[in-house]
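The following note sets out numbered points for a colleague who is new to this entry. Please read them beside the sequence and the coordinates.

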Amino acid sequence: MADLMAAWPQVIPVLLERRMACVGCCMARFETLADAAAIYGQDLHKLLADLTRVIENPTSLEES
């Protein structure tokens, strides 16, 4: 998760909207996206779709 947030910081608001406390968490560097989705009870495919959307089009977060 830490690598994801470092490479694409525009995903951070998506994670926060889903009440995922990965931002600033000391375990984020050890967890995969699948791990975090399972921990927070998120549907991995929906989460991945939302993250992909903001990675491919960073302004899409502002539009939603």
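1. The largest nonpolar core has 15 residues, and M1, M5, V11, L15, C22, L47 and L51 are those with the most contacts inside it. Such a core is a set of buried Ala, Val, Leu, Ile, Met, Phe, Trp, Tyr and Cys residues joined through side-chain atoms within 4.5 Å. At least two residues of this core come from each of α1 (2-7), α2, α3 and α4 (44-56). Helices (H or I, at least four residues) are DSSP runs, numbered from the N terminus.

2. The model is predicted: local features need pLDDT of at least 70, side-chain atom pairs count only at pLDDT 80 or more, and totals for chains, interfaces and linings use all residues. Residues are numbered from 1 along each chain as its sequence is written, and side-chain values use heavy atoms, with hydrogens and water left out.

3. The predictor's confidence in each residue is given as pLDDT, from 0 to 100. The chain has a mean pLDDT of 92, and 92% of its residues reach 70 or more. Among the elements of the chain, α3 has the highest mean value (97) and helix α5 (residues 60-63) the lowest (62). Where pLDDT is low, the predicted coordinates should not be read in detail.

4. Which residues does M5 touch, leaving aside those up to four places away in sequence? They are V11, I12, L15, C22, V23 and A28, where contact means heavy atoms within 4.5 Å.

5. Helix α4 has 13 residues and reaches 18 Å from its first C-alpha to its last, close to the 18 Å expected at 1.5 Å a residue; the expected span is 1.5 Å times one less than the number of residues. Within α4, L47, L51 and V54 are buried. They lie on the same side of α4 because they cover an arc of only 65° around the axis, taken from the directions from the helix axis to the C-beta atoms. The face turned away from this buried side carries the exposed residues H45, K46 and E56. Buried means under 20% relative accessible area, exposed over 50%, and partly exposed in between (1.4 Å probe, protein chains only).

6. How many disulfides are there? The count comes to zero, a disulfide being a pair of cysteine sulfur atoms within 2.5 Å. The closest cysteine sulfur to that of C22 is in C25, at 6.7 Å, too far for a bond. For C26 the closest cysteine sulfur is also in C25, at 5.0 Å, again too far for a bond. C22 is buried, with a relative accessible area of 2%, whereas C26 is exposed, at 60%.

7. R19 deserves a separate remark. Although it is not a glycine, R19 has a positive phi of about 60°. Most residues other than glycine have a negative phi. R19 is placed in the loop between α2 (12-17) and α3 (33-39), and it is exposed, with a relative accessible area of 72%.

8. A6 lies in helix α1 and is exposed, with a relative accessible area of 64%. A34, in helix α3, counts as partly exposed at 39% relative accessibility. The C-alpha atoms of A6 and A34 are separated by 17 Å, with the two residues 28 apart along the chain. A34 and H45 are 11 residues apart in sequence and 9.5 Å apart in space, C-alpha to C-alpha. A38 also has its place in helix α3 and counts as exposed at 62% relative accessibility.
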